[in-house]
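Okay, everyone, thanks for coming. Let me put the structure up, and then I'll walk you through it.

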Amino acid sequence: MSNWWTDITFANTWAWWLMLVPAAALVWYILLELFSRTEMQLSTAPFLRGLPKPAAWYFRHVFFAVRLLGMVFIVMVIARPQSRNEKRKVNSEGIDIMLTIDVSPSMLAKDFKPNRLEVAKEMASRFIEERFNDRIGTVIFSGEAFTLCPLTIDHEALQTQISAIDCGELDQGTAIGMGLAKSVERIYESKAKSKIIILLTDGSNNAGALAPLNAGEVAKAFGVRVYTIGVGTKGEALMPVAYGPGGYTYDYVQVDIDEPTLQQIADITGGKYFRAVDKESLENIYAEIDRMEKTIFDSSQHGKRKEEFLPFIIVALALLLVDFICRNTWLKGIA
């Protein structure tokens, strides 16, 4: 009912001036009550003083209110209440996105807390939450590349898969070219107007049969824009240097990111290169990419108005009928 009422509009707005009629009637009634009371002194019949008034006497105000409300609803009928039946069609032009994440052991470096990989997973998941109209997929790479999830709109399942990513699942090394090529393979047939790859790595290409710049040229040929992110502090970072029975052994190692190559890949494809030195900067990078790559919406609406006077006239007639009956039956002379 509340939704129905909020959708009501009135075609004859001039009719609201007629509300002055019940307003004037109310003022006149109050003035009569205040200044037109008569009292009769009954000095010879003191026993009549203090007798209670009949119950019907107290209803006179109630039935004036009924009459007044009837007038109000008649004015509302004259104002022509209408509802609008609208239909809205929304077309969204989504963006297809492949997240390409380095999972080489160096991603366990502790210059990000708890490590680079966990922060990268967290930021990727947050980014996915903001892109609810887009198809998103994930490729992971180390010494080889693997499609973790093809393009999908099932973001919840995608986030679950990303949260389970760990190092050591693929061959050792950093095959940036292979990771990028695998992502292009997964996205190049997309019919989306905008196709992008976000490639995140913390090292230099040292594995794989395809050079990163060659993969960048392939991306360009298929109209895929690549945003590259270099992850790692400047200087030295506590990184895994050996793996034994007790897990990884850590030591401070100079951070080595091939920024020139990542910059060139971004330039070739029309993307942009970013450097993330901590969790906050990585969060800001994803936010900037989100702002630059906006989904396009196009909406149209149409509708028609429907006359809604019937409920109002029924209420008005019911109120006036109650008033008429009371005036001519047991409340005659009081109502």
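Predicted model: local features only at pLDDT ≥ 70, side-chain atom pairs only at ≥ 80, totals over all residues.

Quick definition before we start: helices (H or I, at least four residues) and strands (E, at least two) are DSSP runs, numbered from the N terminus. With that, the protein comes to ten helices and eleven strands. Residues are numbered from 1 along each chain as its sequence is written, and side-chain values use heavy atoms, with hydrogens and water left out.

Now, the pocket. On a 1 Å grid over the protein atoms alone, a pocket is an open set of points where a 1.4 Å probe fits, with protein on both sides within 12 Å along at least five of seven lines; lining residues have an atom within 4 Å of a point. The largest pocket has a volume of about 250 Å³, the volume being the space filled by probe spheres set on the points, joined across faces, edges and corners. Its lining has 16 residues, with S104, S106, T174, G203 and N206 nearest the centre. Strand 8 (236–244) and strand 9 (247–254) each supply at least two residues of that lining.

Next, have a look at D202. You'll find D202 in the loop between strand 6 (194–201) and helix 7 (212–221). Is D202 buried or exposed? Its relative accessible area is 3%, so D202 is buried; buried means under 20%, exposed over 50%, partly exposed in between, with a 1.4 Å probe and protein chains only. The side chain of D202 makes a polar contact with the side chain of R116, at 2.7 Å. A polar contact here is a pair of N or O atoms within 3.5 Å; within protein, one must be able to donate a hydrogen and the other to accept it, and residues adjacent in sequence count only if both atoms are side-chain atoms. Also, a polar atom of the D202 side chain lies 3.3 Å from the backbone nitrogen of M107.

Last stop, the nonpolar cores: sets of buried Ala, Val, Leu, Ile, Met, Phe, Trp, Tyr and Cys residues joined through side-chain atoms within 4.5 Å. In the largest one, with 36 residues, L99, I198, I229 and Y286 touch the most other members. Helix 4 (residues 116–129) gives the most to this core, seven residues. There's a second, separate core of 24 residues, including V139 and I187. Overall, 41% of the 335 residues are buried.
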